[in-house]
Amino acid sequence: MELVHGQATRREKNKKDEGQLPWAHRVVNRFWEVGERDWVWQPLPPGLRSADLVIVMQENRILSNYPVLMRRLGSPTKVAYWGHGKNFQSDAPTGLRERWKSWLMHRVDWWFAYTDATVDLLAQAGYPAQRITCLDNAIDTTSFRRDLASWADADVAQARRDMHIPLDAPVGLYCGSLYPDKRLDVLVDAVDRIRQRMPGFVLLVVGDGPEMPWLREAAATRAHIRPMGVRTGRDKALYFRMADVVLNPGLVGLHIVDAFCAGLVMVSLRASRHSPEIAYLRDGDNGLLTENDVSAYADAVLQLLANPQRMQRMRTQALADADRYTLDNMVRRFAHGIASALEAPPYRRGV
């Protein structure tokens, strides 16, 4: 198994999430900025071009993918996609870029799908189910679980006192980046409505991003909204321990796994531009999805907090799902999929 990686684009560097692996093949990417789009050429080292299976990200902008897809037709090398199946945040879901991505969907021998949402998408497009591996995309939550367990109830109670939050006050938590797709305007409006009917309610906001100045301005006149900035490790786990519910009206991604690990119910909007991990949220079972309405969202949170038995049932299910969406399970699925892809004959529909 060989891994090839390059670098982030200039605009991606703002996320500060670039990593390196000492045993991987680190190549030098080339980038072209065209308007708001970044085009990427990530070279494949010559010694790896005869690999039995090449797995690439399913992204139109990665120009170096196209020679790999073309070589597949005249060589024994198989090619697999690792991806979403579509751009779940596309501004033009029926536009040219998405149609091109859909056309390429059948031009690989195997699919590594992020979640069941991608599997369903591929099935609807007619891609053979027996050539799809559902990864259940996850992150390593081992240290986060350890950090959660490291806080005793007495520590959590003291943290509440230090922040002047009564021990019986309901606490909501938002944890994630702060940018438009997160729909922070809906979050603030909904929290105001919740506070009117549940006067002790407090929202803790963990994270940072381009919308932080706007959020700080909103919080300046709202003592019930507490921007905490970026928190990691045990500090981050403490806020999850303090919380009763996770509020995330906008885009839901991998952070839903953190909510599961903490045994917290996440409440989101059905119509937001979610990532594929929204498939993990089962409405009424381990989380809540409401219609695209601030009042409906606030009402759903209030009803949940007012029904401890219902909330406990859902929290128990969230904890159980945390054991499914783990890095170990994802790795096992990936390894099994690689073996299956190597054993399968080439796929030639559409050639």
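How near do the axes of helix α5 (residues 153-162) and helix α8 (residues 233-242) come, and at what angle do they cross?

Guide: This is a predicted model. In it, the axes of α5 and α8 come within 10 Å and cross at roughly 85°. An angle of 65 to 115 degrees counts as roughly perpendicular, and α5 and α8 are therefore roughly perpendicular to each other. On the α5 side the contact is made by D153, V156, A159 and R160, and on the α8 side by L238, R241 and M242. Sorted by class, this contact of α5 with α8 has 4 nonpolar and 3 charged residues, with no polar ones.

Helix α8 also packs with helix α4 (residues 142-149): their axes come within 8 Å and cross at roughly 60°. The crossing of α4 and α8 is right-handed. From α4, the residues F144, D147 and L148 meet G233, R234, K236, A237, F240 and R241 of α8. The contact of α4 with α8 divides into 4 nonpolar, 1 polar and 4 charged residues.

Although D136 is not a glycine, its phi is positive, at about 55°. D136 has a relative accessible area of 2%; the cut-off for buried is under 20%, so D136 is buried.

R183 has a relative accessible area of 21% and is partly exposed, whereas D136 is buried.

Helix α6 (residues 184-197) packs with helix α10 (residues 294-305) at an angle of about 50°, and their axes are 9 Å apart. That angle makes α6 and α10 oblique to each other. The crossing in which α6 passes α10 is right-handed. In this contact, α6 supplies V186, D189, A190, R193, I194 and R197, while α10 supplies V294, S295, Y297, A298, D299, V301 and L302. By class, the contact of α6 with α10 holds 8 nonpolar, 1 polar and 4 charged residues.

Helix α2 (residues 96-104) can be described by its buried residues, which are E98, K101 and L104. These residues cover an arc of only 120° around the axis, so they are on the same side of α2. The general rule behind such spacing is that an α-helix has 3.6 residues a turn, so residues three or four places apart point the same way. The buried residues of α2 pack against α1 (65-71) and β6 (78-83).

E33 is placed in strand β3 (residues 30-34) and is partly exposed, with a relative accessible area of 41%. Leaving aside residues up to four places away in sequence, E33 touches R10, R11 and D38. Between E33 and R348 there are 315 residues in sequence and 34 Å in space, taken C-alpha to C-alpha.

How values were computed
Residues numbered from 1 in each chain as written. Predicted model: local features only at pLDDT ≥ 70, side-chain atom pairs only at ≥ 80, totals over all residues. Heavy atoms only, no water. Axes fitted to C-alpha atoms, helices over the stretch in contact; angles between N-to-C directions. Helix = DSSP H or I, 4+ residues; strand = E, 2+ residues; numbered from the N terminus. Parallel < 35°, antiparallel > 145°, perpendicular 65-115°, else oblique. Left-handed = near helix turned anticlockwise from the far one by under 90°. Contact = heavy atoms within 4.5 Å. Nonpolar A, V, L, I, M, F, W, Y, C, P; charged D, E, K, R; others polar. Buried < 20%, exposed > 50% of the residue type's maximum accessible area, 1.4 Å probe, protein only. Arc of directions from axis to C-beta.
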